[in-house]
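These are my notes on one chain.

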Amino acid sequence: MSDASTKAGLDLATKLFAGAPPSPGVSPDLASHTLSHLFGTIWQDPRLSLQDRSFVTCTVLVALGREAEQRLHFRGARNLGIPRDRLDAMITHVAHYAGWPVAVGASRVLGEVWDLC
């Protein structure tokens, strides 16, 4: 992993997840790959804006029912200026394709995260 991609990833993660508690239990190796590759390379591709990437990530996490990761990425979406009503609309849309239980869980998580910020 290059130093440039690691720095870019760290800068982006710091911006996205400002105010979020640290993620416990992530190994140093996985954290390094996440910063360098995911946030330092994939999220840096100019074909999608940061807001687009954040919104897509939130959508996938809702569809998969990944509530722990939703907490982190809903905060990131808020930090990037994505309005709550847009996320609420996405959750309602996803409910019709991925199921009501994942949408209800995501709606609850979004409320918890938004109220904490």
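**Entry 1: surface**

I placed valine 60 in helix 3 (helices are DSSP runs of H or I, at least four residues, numbered from the N terminus). The model is predicted: local features need pLDDT of at least 70, side-chain atom pairs count only at pLDDT 80 or more, and totals for chains, interfaces and linings use all residues. Residues are numbered from 1 along each chain as its sequence is written, and side-chain values use heavy atoms, with hydrogens and water left out.

Valine 60 counts as partly exposed because its relative accessibility is 43% (buried is under 20%, exposed over 50%, partly exposed in between, with a 1.4 Å probe and protein chains only).

**Entry 2: cores**

I then looked up the largest nonpolar core, which has 17 residues (a core is a set of buried Ala, Val, Leu, Ile, Met, Phe, Trp, Tyr and Cys residues joined through side-chain atoms within 4.5 Å). Helix 3 (50-64), helix 4 (67-79), helix 5 (84-98) and helix 6 (100-116) each supply at least two of its residues. Helix 6 gives the largest share, 6 residues. A second, separate core of 7 residues includes Leu16, Phe17, Trp43 and Leu80.

Among the members of the largest core that touch the most others are Val62 and Phe74. Leaving out residues up to four places away in sequence, valine 62 touches Gln70, Phe74, Met90, Ile91, Val94, Val102 and Ala106 (contact is heavy atoms within 4.5 Å).

**Entry 3: a loop position**

I found glutamine 44 in the loop between helix 2 (28-39) and helix 3. Its C-alpha atom is separated by 8.8 Å from that of leucine 12, 32 residues apart along the chain. Beyond neighbours within four places in sequence, glutamine 44 contacts Ala8, Leu12 and Phe39.
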